Amino acid sequence: MATYTKLDQIDLPAVSERYGLRESQLEPLKGGAANSSFHLSSASGDFTLTILDNHDIVSAQSLATHTQAVYRLGVPTTEVVPALDGSLITTFDGRPVILKKWIPGDVQQPLPIPLLPEAGRILAQLHSLAPESEGLGGLPVGTRRLSAEQLKAIPQFADREFAAWLTACLTRVRSAEADSERSPKVAHGDLFADNVIVRDDGALSVLDWETVSLDDPLLDLGMAAVGLAQEDDVLVPERLNALVTGYQALAPLSEADAAALPLEIEHAACIIAFHRYYRHNVRFPDPSKSTYHLKMIKFVESVGAATRHIKS
């Protein structure tokens with residue numbers, strides 16, 4: 001597990017010098033599952049300073065490059081601020097650092113229903129980007145999918161009933177996907193409410209490009225449904241319809257895709273269920289969160305009814 005950087009460990013004068021900032025002040029930000037982020041205010045403006053505790057130099061450079069690429073291609077997200085030498089990342093005490101422009105606004109969980117169509121449109125906009133665009137070269141493939149190593153771990157889970165459920169769900173998904181001919185698109189992979197800023201002007205900006213990859217756009221839309229269209233651990237038809245309506249405003253679903261979406265929502269839920277179990281019961285056991293994975297079983301059971309009226 002990453003050792004998070006604390007405020008008193010940051011050499012703020014050195015950071016300021018590297019970026020040409022004056023009269024700088026730092027304040028820790030809440031949240032962040034893999035890195036340490038701070039609000040940096042200065043005479044030059046406001047920024048988000050992130051210490052990439054969970055990255056090496058190569059992966060940090062990829063994250064910064066991909067973030068800057070989607071920003072320049074028009075996706076509403078944060079802009080990476082280069083250091084004075086032009087580099088998108090720098091290092092302090094051996095850890096990669098990235099500076100981004102501050103986006104005034106807040107995270108709203110759950111994201112209000114009137115904002116869900118815009119979230120859907122942003123996702124469709126992302127899926128429309130050409131993978132060969134400048135800065136997107138070398139995108140990994142299927143970052144959000146479970147790896148062969150992760151799949152092998154499932155039969156070893158102590159919760160045998162959950163392991164059997166997860167195996168059955170993934171087998172059903174893989175069987176259905178075997179005949180899929182959907183072209184991979186640029187996918188976010190983690191469009192959950194905590195990665196969406198409701199800006200002060202009322203519009204949305206999407207953050208956190210850790211899991212950006214080339215993948216099936218329907219799986220990415222399914223992941224967004226898990227992240228944005230559920231309440232009390234069930235998929236809510238009104239929320240899903242708002243999200244999908246916004247998506248279809250830019251990227252209409254074919255009849256076949258509309259029929260396949262429920263299964264991709266289930267696939268996304270299975271992926272989240274795996275990670276919840278593995279993190280809280282295997283890698284970093286936490287009794288207070290040891291049953292979080294079971295919420296996804298309830299969620300999957302709600303998918304059929306919630307998706308009944310999806311149309312192309």
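What follows is a set of questions on those labels, with answers.

Modeller: Keep in mind that this is a predicted model. The protein chain has nine helices and twelve strands.

Colleague: What makes the radius of gyration of the protein chain agree with a compact globule?

Modeller: The rule takes 2.2 Å times the number of residues to the power 0.38. For 312 residues that puts a compact globule near 20 Å, and the protein chain has 20 Å, so the two agree. Along the principal axes, the C-alpha atoms fill a box of roughly 55 × 45 × 35 Å.

Colleague: Why is A64 called buried?

Modeller: Buried means under 20% relative accessible area. A64 has 0% relative accessibility, so A64 counts as buried. This residue lies in helix α2, residues 57-72. Across the protein chain, buried residues make up 49% of the 312.

Colleague: Which residues is A64 in contact with, leaving aside its neighbours within four places in sequence?

Modeller: They are V80, L88, I89 and I98. Contact here means heavy atoms within 4.5 Å.

Colleague: Why is the disulfide of C169 and C270 called right-handed?

Modeller: The torsion about the S-S bond is about 100 degrees, and therefore the disulfide is right-handed.

Colleague: What parts does the pair C169 and C270 tie together?

Modeller: C169 lies in helix α5 (residues 160-177) and C270 in helix α8 (residues 255-283), so the pair ties together parts that are 101 residues apart in sequence.

Colleague: Are C169 and C270 buried or exposed?

Modeller: Both C169 and C270 are buried.

Colleague: Where do the charges of the protein chain sit on average, and how many are there?

Modeller: There are 27 positive and 40 negative charges, and their mean positions are 3 Å apart. As for the accessible surface of the protein chain, the total is about 15,100 Å², with 51% belonging to carbon and sulfur atoms.

Terms used. Residues are numbered from 1 along each chain as its sequence is written. This is a predicted model: local features need pLDDT of at least 70, side-chain atom pairs count only at pLDDT 80 or more; totals for chains, interfaces and linings use all residues. Side-chain values use heavy atoms; hydrogens and water are left out. Helices (H or I, at least four residues) and strands (E, at least two) are DSSP runs, numbered from the N terminus. Buried means under 20% relative accessible area, exposed over 50%, partly exposed in between (1.4 Å probe, protein chains only). Accessible areas come from the Shrake-Rupley method with a 1.4 Å probe; for residues, only the protein chains shown count as cover. Lys and Arg count as positive and Asp and Glu as negative; His and the chain ends are not counted. The place of a charge is taken as NZ of Lys, CZ of Arg, CG of Asp or CD of Glu. A disulfide is a pair of cysteine sulfur atoms within 2.5 Å.
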